[in-house]
Amino acid sequence: MTTVPRTPRLDAVGLVVSDMAASLAFYRLLGVDVPADADTAAHAEATLPSGLRILWDTEETVRSYDPGWTRPRGGERIGLAFLCAGPAEVDATYEALVAAGHTGHLKPWDAVWGQRYAVVVDPDGCAVSLFASAA
């Protein structure tokens with residue numbers, strides 16, 4: 001039996017984006033602290049309060065090391081979920097994102113699993129959930 005020397009841990013989630021500035025503007029509205037000079041970079045990253053990092057790479061950057069990469073088509077394969085302080089923050093965050101021109105996918109509702117929940121779409125079509133305990 002092979003022994004693994006340590007257990008890998010999830011450290012980062014990477015997003016491939018078509019427009020770095022548009023993507024970063026969306027995530028800044030969610031409170032992600034991304035440096036202002038990252039808007040024109042080929043790669044950007046930010047560390048969330050939990051320690052998890054979000055990485056952004058432009059499509060061109062990805063193609064530079066994976067020439068066969070193509071933009072995904074079809075349904076969601078991964079979704080990001082942002083915990084809000086409470087139900088009112090879910091509603092307010094959803095409304096602020098939609099007011100800023102982003103697409104709302106599912107308006108806030110009280111989910112049967114006990115959370116206030118909503119889904120918006122980032123500039124590259126990635127579903128982003130907003131949630132909080134309904135209690």
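Good morning. The structure under discussion is a predicted model. The protein has 135 residues, of which 36% count as buried. Its C-alpha atoms fill a box of roughly 45 × 45 × 30 Å, taken along the principal axes. The secondary structure comes to three helices and seven strands, and along the sequence these follow the pattern β-α-β-β-α-β-α-β-β-β. Among the contacts with a separation of 6 or more, 49% are between residues 24 or more positions apart.

I begin with the sheet. Four strands make up an open sheet in the order β4-β7-β6-β5, and the pairing is mixed. At its edges are β4, residues 80-83, and β5, residues 103-110, each of which pairs on one side only. From one strand to the next, the twist averages 15 degrees. Helix α3, residues 87-99, lies across β5, β6 and β7. This helix runs at about 15 degrees to β6.

How much of β6 is buried? Six of its seven residues are, so the strand is largely enclosed by the rest of the structure. On one side, β6, residues 115-121, is joined to β5 by five bridges, and the two strands run antiparallel. Within this pairing, D110 has R116 as its bridge partner, while G104 stands opposite V120. The two strands form a hairpin with four residues between them, and G114 in the turn has a positive phi of about 90 degrees.

Strand β6 also pairs with β7, again in the antiparallel sense, over seven bridges.

Five bridges hold the antiparallel pairing of β2 with β3, residues 53-58, and T47 stands opposite R53. Strand β2 has two faces: A44 and A46 are on the covered one, whereas H43, E45 and T47 are on the uncovered one.

Leaving out residues up to four places away in sequence, A38 touches M20, L24 and A44. The relative accessibility of A38 is 7%, and A38 therefore counts as buried. From A38 to F26 there are twelve residues in sequence and 13 Å in space, C-alpha to C-alpha.

Next, helix α1, residues 20-29, which holds S23. Is S23 buried or exposed? Its relative accessible area is 0%, so S23 is buried. Apart from neighbours within four places in sequence, S23 is in contact with V17, W56, P123 and D124.

I turn now to the aromatic residues. A pair of aromatic rings is described by the distance of the centres and the angle of the planes. In this model the count comes to seven aromatic pairs. One of interest is formed by Y117 and F131: the ring centres are 6.2 Å apart and the planes are at 25 degrees, which is under the 30 degrees required, so the pair is stacked. Y117 belongs to strand β6 and F131 to strand β7, and this pair links parts of the chain 14 residues apart. Both Y117 and F131 are buried. Elsewhere, ring pairs link F26, Y27, W56 and F82 into a cluster.

The lining comprises 21 residues, and L30, L48, A81, F82 and L83 lie nearest the centre. Which elements each supply at least two residues of this lining? They are β4, α3 and β7. Strand β4 gives the most, with four residues.

To conclude, I return to two points. Strand β6 pairs with β5 through five bridges and with β7 through seven. The edge strand β4 gives the most residues to the lining of the second largest pocket. Thank you for your attention.

Conventions: Residues numbered from 1 in each chain as written. Predicted model: local features only at pLDDT ≥ 70, side-chain atom pairs only at ≥ 80, totals over all residues. Heavy atoms only, no water. Pairing = 2+ DSSP bridges. Axes fitted to C-alpha atoms, helices over the stretch in contact; angles between N-to-C directions. Contact = heavy atoms within 4.5 Å. Phe/Tyr/Trp six-rings, centres within 6.5 Å; stacked < 30°, edge-to-face > 60°. Buried < 20%, exposed > 50% of the residue type's maximum accessible area, 1.4 Å probe, protein only. 1 Å grid on protein atoms, 1.4 Å probe; cavity = no way out; pocket = protein on both sides within 12 Å on 5 of 7 lines; lining within 4 Å.
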